[in-house]
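Subject: Structure handover

Hello,

Here is the structure I said I would pass on. My notes on what I found in it follow below.

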Amino acid sequence: MIKSKKIISVILIAVLLVISISTISNASASSKVFGNSQSGYASDCVGYAIYGYNLLGYSVTGSSGQITTSDMLAWIGNTGNGYGMYVHTYGGDGYFNDYYGYSIVDTDISGNWDFVYIDSSYSAASNTLASAFNTIGYTNRCFLGWSNAVTISNACFFNYYLWTCYIGNTTVQSAAVSAASCVPGTGTTPIALYGSTSYYGTAR
Amino acid sequence: MKKYQKISILIAVLFSLLISIVYAATENSSSLDEEAESLTEAAISSQIENILEPIGTNSTIRKIEAFDDKMTDQKISKVYTDNYIVSLNNSTKQLVGIYEKEAKYNLKTTVTKESAREFITSKYNEMNLPSEYTLVYLEKFDDYVWEADFQKEYNGLYNMYEAVKVFFNPENEEIVALTIFNDPYTETSETTISSEEAVSRAANSIDNINSESIKDSKLTLIKGNSFYKENKDKTIHKAWVLVTQEDDQIFVDAASGEIIGGDSIND
């Protein structure tokens, strides 16, 4: 009797181990979101992006405040399961800034990324950042950014609809245009996508 | 109690906990969806057909989801068809927007602006959208899609919150996204503040602003915000939008002279 109970215990523990190992080996891709608090909308935008990446199946963490280049470069240089990144900040064509105004440029960026969105004016004025994140030329990768200047309130409005209403239900391309249409005003949301127009943004 | 018994109890407790959490999450989500469905499905079938028929796509309803739109304070039903998400206002049953699930993005648009105008005005009329709105903006959005904005006019000023904003590809005859804004301008107070006075009010209220800081001003219908100070008023005001040399914006109420909001470019 005691022997059979021991066998049952061993089997239960083995099952638990198998479940744990399979969970770890199938861990979803990770994503990190950053918000530069010099924008009054940083915490809102970070919250929306966390919600959206979660919907897409990413394991996501967020940071809003005095973000630094070293914080962001640590994530960009991750050797783990990090495939997603969102940054609400200031910047321009080919670079984006931290809280203190220091820039991350294309040559600082490496790795293979699935879904990156740099939420600063002109971040997608050219394909410089999209190429740096290696998001162009694949069926399941894309880069979102702004092709022109955007105001922080219009960006925040757009982000609300993108992350909480459309992402996961449509392609990223369609989600972006749908969210753009929800922002009042003419020419207020010059969003641009590089990479796959059929990708839903789902975590690998 | 033996060690294996303790382990068995621990495993049972953990599994119970996990099952409870999963069940609670599923229950919450499905009850929300059921609420949206019971509220709207019977009422919307024919409406969906009327909306989607002019753009040549089927209107079979696949699912309905509730969405609490915190930006416009509307309770929305998102109705999924094969190709589109159709948003309807739960209270009024009015159309809020249509959004393509998989925009084609396969044909670059090469048509002239005139051809784009002909296409979108024709489609606008077919869809029975508000006839009193004026086409105020028509530009290429990107290589594939155009943006057109129809807005209601109030004595020479256009209300962007009472408008139709549409993104389309004329080559594919494709409506990619269309949103109807339905927030009328109801303010009755007279414009008593001139542009110069608005600049002066801004200079008195905001640090580092003087008449030389402002490079442009425009009388606009706009909602305030908390950019400069806490402002929960969501109504539309006639206001001067002052643009600084750094491209920041200051909204000055054209009747009271109060600073009601602002904005800045994130570059």
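To begin with a detail of chain A: helix 2 and helix 5 of chain A cross with a left-handed sense. Please keep in mind throughout that this is a predicted model.

The two helices pack at an angle of about 15°, and their axes are 8 Å apart. Angles under 35 degrees count as roughly parallel, so helix 2 of chain A is roughly parallel to helix 5 of chain A. On the helix 2 side (residues 42–55), the residues that meet helix 5 are A:Asp44, A:Cys45, A:Tyr48, A:Ala49, A:Tyr51 and A:Gly52. Their partners in helix 5 of chain A are A:Cys156, A:Asn159, A:Tyr160, A:Leu162, A:Trp163 and A:Thr164. Sorted by class, this contact has 8 nonpolar, 3 polar and 1 charged residues.

Chain A as a whole has 6 helices and 9 strands. Of its 204 residues, 52% are buried. Among contacts in chain A with a separation of 6 or more, 72% are between residues 24 or more positions apart.

Next, the interface. On chain A, 41 residues are in contact with 39 residues of chain B. Helix 1 (2–25), strand 4 (91–92), helix 5 (152–166) and helix 6 of chain A each give at least two residues to the side that touches chain B. Helix 5 of chain A has the largest share of that side, with 7 residues. By class, the side of chain A that touches chain B holds 18 nonpolar, 21 polar and 2 charged residues.

Helix 6 of chain A (residues 172–181) has 10 of its 10 residues buried, so it is largely enclosed by the rest of the structure. The buried residues include A:Val172, A:Gln173 and A:Ser181. This helix lies across strand 4, strand 7 (157–169) and strand 8 of chain B, and runs at about 30° to strand 8 of chain B.

What is the order of its 8 strands? The order is 1-2-3-4-8-7-6-5, in an open sheet with antiparallel pairing. Strand 1 (63–69) and strand 5 (134–140) of chain B are the edge strands, each pairing on one side only. From one strand to the next, the twist averages 20°. Strand 4 (residues 95–100) and strand 8 (residues 174–182) of chain B run antiparallel and are joined by 3 bridges. In this pair, B:Gly97 stands opposite B:Thr179 of strand 8.

Regards

Conventions:
Residues are numbered from 1 along each chain as its sequence is written. Chains are lettered from A and ligands numbered from 1 in the order in which they are written. This is a predicted model: local features need pLDDT of at least 70, side-chain atom pairs count only at pLDDT 80 or more; totals for chains, interfaces and linings use all residues. A residue is buried if 20 or more other C-beta atoms lie within 10 Å of its own, exposed if 12 or fewer, and partly exposed in between; C-beta atoms are placed from the backbone. Helices (H or I, at least four residues) and strands (E, at least two) are DSSP runs, numbered from the N terminus. Two residues are in contact if their C-beta atoms, placed from the backbone, lie within 7 Å. Ala, Val, Leu, Ile, Met, Phe, Trp, Tyr, Cys and Pro count as nonpolar, Asp, Glu, Lys and Arg as charged, and the others, Gly among them, as polar. Axes are lines fitted to C-alpha atoms, for helices over the stretch in contact, and angles run from 0 to 180 degrees between N-to-C directions. Angles under 35 degrees count as roughly parallel, over 145 as roughly antiparallel, 65 to 115 as roughly perpendicular and the rest as oblique. A crossing is left-handed if the near helix is turned anticlockwise from the far one by less than a right angle, and right-handed if clockwise. Two strands pair if DSSP finds at least two bridges between them.
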